[in-house]
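Keep the criteria next to the values.

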Amino acid sequence: MVNETPNPLPKFLSIYVLTILSLIVFQGVIGHLHNPQHLHAVLWGISNSIFNSVLHFSYGPEGRLIFLALFYWMYLHVRTDKPFRLQFSVYSIPLLPLIGVGTSAQAFAPVSDVAVSIYSPIPTIYPLIFSLFSGILLAECIIRTVPLILAKKISIFHSRFVVILWIFIAIIISIKDSISSLSPSNTALSLIFFSSIMILSDIIGGVSETLPESQGETWPSLAFTFLSITIALFVINMFSSEVSLYGIGIIGISTVLGSQLPTLGFDNRNRSAHRWSILGTGIASILLISFGSLDDFSIKIITGTILFIPISWNIVDRYSRFNELRD
């Protein structure tokens, strides 16, 4: 019997990403040492010591995101022994907004003969600790969530700890100071927060499928899903001045298209249409957040809606069947 040679590509790619992140951090920190070497250093200060340069870099909105990405990937590299392609692809998703936003806005644009801003803040170690803790927590959440995504059934017993972790992530990310509230850092943190709520919603929806109410007819809960999303979009249209009808239309169309994906045959769970409609809403919202077309008020309305909907599925179906039996 010939033993199959393990594919070294995922491990090589993991090390490659870790090296790139390390080089970005190195470039950022060196820019804050002795003389300002990029725009980020001009805005956030320089130092004669490596440690203080690290603090200067981590204090800025882009720097703390890059450190978060580095700690996230370092923890993944240590924590996962046998990565495979699907896991590597899923694990890489949180890096996209972190690296993309962290290296944007010309933060690393080279400068020469430019004095450091007199308004540059005095750095503290708290942003670095925030990046370390958030990166490790986010990595642990992703590691524990991937098996749940692949599982056909999600039980309350196996998902309870993952739910707690994602709640912690959502709470930590939603707490913003005057620096993390700046653009473009605010965009990346909003994406992480929204994605956390999406995952929580899907886990709750997966758990609901194991309960008796999910057996049989579930059209009432699907109708409730569409009604709730419609009401949320109506509220956004009424009270948000930043979201256009075009953006609302994108979310609505994506919701409907998402609910139709299970008809292709790759997902035959009883409430697959329910969960995929929420996924469609989430993907469209993430795109709008990425382009700055969704404000904080709209994000709160949509996240509250997609988190409330799966909690209500069993209640709606139970009430509907009770009325049918009574009639």
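**Basis.** This is a predicted model, in which local features need pLDDT of at least 70, side-chain atom pairs count only at pLDDT 80 or more, and totals for chains, interfaces and linings use all residues. Residues are numbered from 1 along each chain as its sequence is written, and side-chain values use heavy atoms, with hydrogens and water left out.

**Overall fold.** The chain has 13 helices and 0 strands. Helices (H or I, at least four residues) and strands (E, at least two) are DSSP runs, numbered from the N terminus. Of the 327 residues in the chain, 48% are buried. Buried means under 20% relative accessible area, exposed means over 50%, and partly exposed lies in between (1.4 Å probe, protein chains only). Contact means heavy atoms within 4.5 Å. Among contacts with a separation of 6 or more, 76% join residues 24 or more positions apart.

**Two helix pairs.** Axes are lines fitted to C-alpha atoms, for helices over the stretch in contact, and angles run from 0 to 180 degrees between N-to-C directions. Angles under 35 degrees count as roughly parallel, over 145 as roughly antiparallel, 65 to 115 as roughly perpendicular and the rest as oblique.

Helix H3 (residues 50-59) packs against helix H4 (residues 61-79) at about 105°, and their axes are 5 Å apart. H3 is therefore roughly perpendicular to H4. On the H3 side, the contact uses Val54, Phe57, Ser58 and Tyr59. Pro61, Gly63, Arg64, Ile66 and Phe67 meet them from H4. By class, this contact has 6 nonpolar, 2 polar and 1 charged residues. Here Ala, Val, Leu, Ile, Met, Phe, Trp, Tyr, Cys and Pro count as nonpolar, Asp, Glu, Lys and Arg as charged, and the others, Gly among them, as polar.

H3 is mostly covered, with 7 of its 10 residues buried. They are Ser53, Val54, Leu55, His56, Phe57, Ser58 and Tyr59.

The axes of helix H10 (residues 219-239) and helix H11 (residues 245-260) come within 10 Å and cross at roughly 170°. H10 and H11 are therefore roughly antiparallel to each other. Phe226, Ile229, Leu233, Ile236 and Asn237 in H10 meet a set in H11 that includes Leu245, Ile248, Ile251 and Val256. The contact of H10 with H11 has 8 nonpolar, 4 polar and no charged residues.

A nonpolar core is a set of buried Ala, Val, Leu, Ile, Met, Phe, Trp, Tyr and Cys residues joined through side-chain atoms within 4.5 Å. The largest one has 68 residues. Phe67, Tyr72, Trp73, Tyr91, Trp166 and Ile169 have the most contacts inside this core. Helix H9 (residues 185-208) gives the largest share of the core, 11 residues.

Leaving aside neighbours within four places in sequence, Trp166 is in contact with residues including Leu138, Ile142, Ile199 and Ile203.

Rings of Phe, Tyr and Trp (its six-membered ring) pair if their centres lie within 6.5 Å; planes under 30 degrees apart count as stacked, over 60 as edge-to-face and the rest as tilted. The whole structure holds 5 aromatic pairs. In one of them, the ring centres of Tyr72 and Trp73 are 6.2 Å apart and the planes lie at 35°, so the pair is tilted. Phe57, Phe67 and Phe71 form one aromatic cluster.

**Single residues.** The table lists relative accessible areas.

| Residue | Relative accessible area | State |
|---|---|---|
| Phe57 | 0% | buried |
| Tyr72 | 0% | buried |
| Trp73 | 1% | buried |
| Phe108 | 14% | buried |
| His34 | 45% | partly exposed |

Phe57 is in helix H3. Not counting residues up to four places away in sequence, Phe57 touches Val25, Gly28, Val29, His32, His40, Gly63, Arg64, Ile66, Phe67 and Phe108. Phe57 and Gly31 are 26 residues apart along the chain, and their C-alpha atoms are separated by 8.5 Å.

Phe108 lies in the loop between helix H6 (95-102) and helix H7 (126-150). Phe108 and Ile24 are 84 residues apart in sequence, yet 9.4 Å apart in space, C-alpha to C-alpha.

His34 is found in the loop between helix H1 (9-31) and helix H2 (39-44). Phi of His34 is near 65°, a positive value in a residue other than glycine.
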